[in-house]
Amino acid sequence: MINKYYTSMLSEKDIIFEIFQYSQEKAKIVGAENIYDFSLGNPSVPAPQSVNDTIIKNIRDLDALSLHGYSPGMGIPEARAAIAKSLNQKYGCHYQPENIFMAIGAAGALAHAFRAVNNPGDEVLTFAPCFSEYKPYTAGASLKLSIVPADVDSFQINFDAFEQMLTPAVTSVLINSPNNPSGIVYSTGTIRRLADILTAKSAEFGRPIYLISDEPYRDIVFTGTDSPYIANFYKNTLTCYSFSKSLSLPGERIGYLAVNPECEGAENIIAICPQISRTIGQNGPASLMQRTVTEVCGDTSDLSVYEENKKILYDALLSYGYSCVEPGGTFYMFPRSLEPDSYAFCEKAKEKNLMLVPGDIFGCPGHFRIAYCVPTERIKKALPVFKELAAEYLK
Ligand SMILES: Cc1ncc(COP(=O)(O)O)c(C=O)c1O
């Protein structure tokens, strides 16, 4: 019999994909130049030259087995060593290669982290607004996901609500900073307070509450933004990183899980990851990609366009009457919608060929997400449409 659970997922709408598909269809009618699609988080800048150069060099110089053979369960040793070294240099931490597990993007790192430090039926707490895929990610690991309501004035953590929800049923806390969809980066003050609460509650519960830190946007942080390296503040941290956004390689499926060396059970966590891979059929990223990031893990694409886009769009939206917490990074913005029903608002925008995503799917109604990872010229062309939309509400 065909699986009932996955079949039931078919009836859940994939709103982002639907909007994207609609915009593709509409483009055939009105022309792509008249569609303003801000629905998808696909990086708009190319990978740095060093990525392509390294791939070509490796294909030319390495033997077939090194290039295309199976990689060890935890990843290729050189890649794990290069990543540990790069993190230590950048953030003053003390990772050993043994603390790094190579994974298939942030999604793969999260799939392992969820299973490594939780057991079926455990509760994971996260914070609104949050990435919509956390729901299937945790459901697939038989975990209960609970979402702490947002502090909509800052999109930092709503600590009152968090402390109320941090019951003994909670085994781990999931954060995402810089954040999709708000673009907000948790400040040092926020991370310190979070760490203090987790430390106190771990002592009270007599076991560690693990912090799973989802960081695919860690390298997209704008000038002047306070951006602490989270694992330095709380020892029981599992950091999930991806090269999808920093190196513009989302289709190559490469990332890693880094376990703080001081984390309780650190050795076991990494030791069981290959066993988790066996159960979910996710046996390591491609050897070619692991060998590539071995050499370029300290590089990034030219990410400056995202900051430029943010400035143009943010300034313009405020001047048209929108309100929005200013993003400190990523390529997302999360303004308040101009009517309480953000679905209705996004439908209205769609009529003007402006593709926006309702905040409800991120656990935060009354807002909408703009993915501004598009060429700057597209942002400039879309401004009059945002203005016209605001004028309809703010007459
Ligand atoms: C917050 C967040 N976490 C995880 C992922 C998954 O990243 P990857 O494509 O590298 O697996 C994404 C992708 O957009 C994301 O936005």
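Predicted model: local features only at pLDDT ≥ 70, side-chain atom pairs only at ≥ 80, totals over all residues.

**Entry 1: A195**

I started with A195, which sits in helix 9. Is A195 buried or exposed? Its relative accessibility came back as 6%, so A195 counts as buried, the cut-off being under 20%.

Next I asked which residues A195 touches once its neighbours within four places in sequence are set aside. I got F233 and Y234.

**Entry 2: helix 9**

I then took the whole of helix 9, residues 188–205. Its 18 residues reach 25 Å from first C-alpha to last, close to the 26 Å expected at 1.5 Å a residue.

For its buried residues I wrote down T188, T190, I191, L194, A195, I197, L198, K201, S202 and F205. I noticed that a lysine, K201, is on that list. What covers these residues? Among the elements I found strand 3 (123–127) and helix 8 (159–165), along with strand 5 (170–176) and strand 6 (210–214).

After helix 9 comes G206, and I read a positive phi there, near 70°.

**Entry 3: helix 5**

The buried set here is A79, R80, A82, I83, A84, S86, L87 and Y91. An arginine, R80, is in this set. I checked what the buried residues pack against: strand 2 (100–103) and strand 8 (255–259), plus helix 10 (266–280) and helix 11 (287–296).

Helix 5 is followed by a glycine, G92, with a positive phi near 65°.

**Entry 4: two domains**

Zooming out, I looked up the domain assignment. Domain 1 comes in two pieces, 4–47 + 302–393, and domain 2 covers 49–296. I noted 32 residues from domain 1 and 37 residues from domain 2 in the contact. The C-alpha centres of the two domains lie 26 Å apart.

How much area do domain 1 and domain 2 bury between them? About 2,500 Å², with 63% of it on carbon and sulfur atoms. On the domain 1 side, A47, V325 and T330 supply 22% of the area buried against domain 2, more than any other three residues.

I went through the polar side of the interface as well. I got 11 residue pairs in polar contact across it, counting pairs with both residues at pLDDT 80 or more. As for secondary structure, helix 1 (4–10), helix 12 (304–320) and strand 9 (332–333) each give at least two residues to the side of domain 1 that touches domain 2. Helix 12 gives the most, with three residues.

The salt bridge count between domain 1 and domain 2 is one. I also logged a salt bridge between the side chains of R336 and D153, at 3.6 Å from N to O.

**Entry 5: charged pairs**

A reminder before the list: side chains of opposite charge can pair when their charged atoms come close. The salt bridge count here comes to 13. I looked at a few of them.

R218 and E215 meet at 2.9 Å, N to O. Are these two buried or exposed? R218 has 9% relative accessibility, so it counts as buried. E215 is at 1%, so it counts as buried too.

K311 and D315 form a salt bridge at 2.7 Å, N to O. Both lie in helix 12, four residues apart, or about one turn of the helix. I put D315 down as partly exposed, with a relative accessible area of 37%.

K350 pairs with E347, the closest N and O atoms being 3.3 Å apart. Both are in helix 13 (residues 342–351), three residues apart, about one turn again. K350 counts as buried at 18% relative accessibility, while E347 counts as partly exposed at 42%.

Last item on the page: K352, E388 and E392 are linked in a network of salt bridges.

How values were computed
Residues numbered from 1 in each chain as written. Heavy atoms only, no water. Expected span 1.5 Å × (residues − 1). Buried < 20%, exposed > 50% of the residue type's maximum accessible area, 1.4 Å probe, protein only. Contact = heavy atoms within 4.5 Å. Domains from an automatic or database assignment. Buried area = accessible area lost by both parts, 1.4 Å probe. Salt bridge = Lys/Arg side-chain N within 4 Å of Asp/Glu carboxyl O. Polar contact = N/O pair within 3.5 Å; in protein donor to acceptor, adjacent residues only side chain to side chain.
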